[in-house]
Amino acid sequence: MVLENKGYVPTLAIRASEMNGLQFLPGATKERMTPCILLAPWANSSSLEKSIERVEKAFRGQNYFLDLDRDYEFTNLENATQQELVGLLDPENAFENWCQFVAEHEWIWPCIQTRGQTESEIRTQIERYQEAGRAYCLRVFLNRLPSNLGDVVNALAASGVADYAIVLEGGWTNDPLSLAAAFDGLIGGQLQQIDATVPIVLSCTSMPKMFSDYDGGVSRVPFANRNLVDQIRQRRSNRTRIIYGDWGSTRPREPSGFASRPLDRIDYPTDMTWCIARNKGDEWDFQRAAQAIVASPEWDGDLGIWGEEMIENTTINEELGIDTPQKNVAARVNIHLHRQAFYGTGDLGGMNLDEDWQD
């Protein structure tokens, strides 16, 4: 059964911070989640094969959902890897290029590509996935609902097997609870004919876009993603599997621009809060920000994971831990993924994790 014994579906872009945060999780943490990865070129690689290699280095030997990163910004269409991605976005012959790419990689559970597709073409996609023995996923974006959603739902209902999951994606929002009515309306409306045993993932992110308001010490920024999922579970008690999702403490890609180097800061996630250590007036560097986090009442210090060790090392010497904004994000992602994967299981301190991270 799809997502059996999984309680967490984080959406992650193929960027260094997300991949490092995922890679350095303990095996026991990874076993509790199934990430949804958004396919795009990896760094300056020569093909999308390198992107898959990076994902599967981070999440070795386990299935993951894969979708096309439609927020990726094309910068050079003469580049071979970007051309390859354009080819996968081609809807010709029921997204034949995409389906072939999926078939070549055994750990991928593909996301249905719905743009410009008829019900018959969507059925063709589903049949290809089933013939390859793959589970699959439908991602529905609230801010760009497909005009053919009725055709998609009909094709899913006609497949005859509940071998798929649905991700309702809210993207970035100031307030996760503001999405409750839209999520509930979809589940009780256009998705009502979907088998009640099919897992539905509710996903969004409210990670701040700007940090200038968080200054002068350690700021606490609550996030209500869990409250959102709890609300929908209560309203839709007939659905047996409503699963928590988010963006792993990151955000969807945004158009690139010219920006100054961000002020050194350290982020530390708790179950439902991000602690942000930043002090422009006192010119904090990463080390002083890390020291403020470790001295805060929210600091656990006993999770036994890479992200916390990076922060602890930074309190001694930045070169041993976090000395770039990217490393801060990687450590934050690592801690956030771990906490959300084990959410509700009790005290995480001193857990007997099955393996140590390796550099």
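Visitor: Which residues have the most contacts inside the largest nonpolar core?

Guide: As a general idea, in soluble globular proteins nonpolar side chains tend to be buried together. In this structure, which is a predicted model, the largest nonpolar core has 92 residues, and those with the most contacts inside it are Leu 39, Trp 98 and Leu 168. Helix H12 supplies the largest share of this core, namely seven residues. A second, separate core of 13 residues includes Cys 111, Ala 135, Ala 165 and Ile 243.

Visitor: With which residues is Leu 168 in contact, leaving aside its neighbours within four places in sequence?

Guide: Once those neighbours are set aside, Leu 168 is in contact with Val 140, Phe 183, Leu 186, Ile 187, Leu 191, Ile 200, Val 201, Leu 202 and Ser 203.

Visitor: At what angle do helices H8 and H9 pack, and which residues make the contact?

Guide: An α-helix has 3.6 residues a turn, so residues three or four places apart point the same way. Here H8 (residues 180-188) and H9 (residues 225-235) pack at an angle of about 35°, and their axes are 10 Å apart. The crossing of H8 past H9 is right-handed. On the side of H8 the contact is made by Ala 180, Ala 181, Phe 183, Asp 184 and Ile 187, while H9 contributes Leu 228, Gln 231, Ile 232 and Arg 235. Sorted by class, the contact of H8 with H9 has six nonpolar, one polar and two charged residues.

Visitor: How many aromatic pairs are there, and how is such a pair described?

Guide: A pair of aromatic rings is described by the distance of the centres and the angle of the planes. The count here comes to nine aromatic pairs. One of them is formed by Phe 24 and Trp 306, a tilted pair with 4.7 Å centre to centre and 45° between the planes. Because Phe 24 lies in the loop between H1 and helix H2 while Trp 306 lies in helix H11, the pair ties together parts that are 282 residues apart in sequence. Phe 24 and Trp 306 are both buried. Tyr 129 and Tyr 136 also pair, with ring centres 5.8 Å apart and planes at 40°, so this pair is tilted. Tyr 129 has a relative accessible area of 2% and is buried, and Tyr 136, at 0%, counts as buried. Ring pairs link Tyr 129, Tyr 136 and Tyr 164 into a cluster.

Visitor: Why is H1 said to be largely enclosed by the rest of the structure?

Guide: The reason is that six of the eight residues of H1 are buried, and these are Ser 17, Glu 18, Met 19, Gly 21, Leu 22 and Gln 23. The buried residues of H1 pack against strands E1 and E2 and against helices H2, H3, H11 and H12. As for H11, its buried residues are Trp 306, Gly 307, Glu 308, Met 310, Ile 311 and Thr 314, and they pack against H1, strand E10, H10 and H12.

Visitor: Where does Ala 43 lie, and is Ala 43 buried or exposed?

Guide: Ala 43 has a positive phi of about 45° although it is not a glycine, and its place is in the loop between E2 and H3. With a relative accessible area of 60%, Ala 43 is exposed. Asn 93, a residue other than glycine, has a positive phi near 55°; Asn 93 lies in helix H5 and, at 40% relative accessibility, counts as partly exposed.

Notes. Residues numbered from 1 in each chain as written. Predicted model: local features only at pLDDT ≥ 70, side-chain atom pairs only at ≥ 80, totals over all residues. Heavy atoms only, no water. Axes fitted to C-alpha atoms, helices over the stretch in contact; angles between N-to-C directions. Helix = DSSP H or I, 4+ residues; strand = E, 2+ residues; numbered from the N terminus. Left-handed = near helix turned anticlockwise from the far one by under 90°. Contact = heavy atoms within 4.5 Å. Nonpolar A, V, L, I, M, F, W, Y, C, P; charged D, E, K, R; others polar. Buried < 20%, exposed > 50% of the residue type's maximum accessible area, 1.4 Å probe, protein only. Core = buried A, V, L, I, M, F, W, Y, C linked by side-chain atoms within 4.5 Å. Phe/Tyr/Trp six-rings, centres within 6.5 Å; stacked < 30°, edge-to-face > 60°.
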